[in-house]
Amino acid sequence: MIIMKDIIIITFKNGVVHMEKLKRLTKKEIYELYEAGPEAVGEAINYLIDIINNQQKIIDAQQKEIIQLKERVKKLEEQVNKNSKN
C-alpha cells in the first residue's frame, strides 16, 4: 500500500520555484470522480501526469544547474590553489 500525505505542485517561472500544496481527496470525492465517468477520471489522471512532467522539467533544469555550479566551483578552487602556491 502506498500512502501519500500531500501532493505539491511545483512550477518554475522566471528563475523562481513556486510551490502549491494540493489537498488530498476524501474517499467521497474519489468516489464522486469515479461516478463522473471515464472522461473525468482520464482528465484527473492526465492532470497528474502534467504535474509530474512539469516537476521533471524542474528537476532536469536543477540538475543541469548543479553540474554547472560544480564545474564553476572546481575551476575557482583550482585558481585558489594556483594562487596560494605563488
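**Figure 1. Confidence across the predicted model.** The mean pLDDT (the predictor's confidence in each residue, from 0 to 100) of the protein is 81, with 76% of its residues at 70 or more. Since we are looking at a predicted model, local features need pLDDT of at least 70 and side-chain atom pairs count only at pLDDT 80 or more, while totals for chains, interfaces and linings use all residues. Residues are numbered from 1 along each chain as its sequence is written, and side-chain values use heavy atoms, with hydrogens and water left out.

**Figure 2. A tyrosine pair in helix H1.** Here are Tyr31 and Tyr34, whose ring centres lie 6.1 Å apart with planes at 40 degrees, so the pair is tilted (centres within 6.5 Å; planes under 30 degrees apart are stacked, over 60 edge-to-face, the rest tilted). About one helical turn separates Tyr31 and Tyr34, because they sit three residues apart in helix H1 (residues 27-35). Both Tyr31 and Tyr34 are exposed (over 50% relative accessible area; buried is under 20%, partly exposed in between, with a 1.4 Å probe and protein chains only).

**Figure 3. Burial in the whole protein.** Of the 86 residues, 5% count as buried.

Terms used. Phe/Tyr/Trp six-rings, centres within 6.5 Å; stacked < 30°, edge-to-face > 60°. Helix = DSSP H or I, 4+ residues; strand = E, 2+ residues; numbered from the N terminus.
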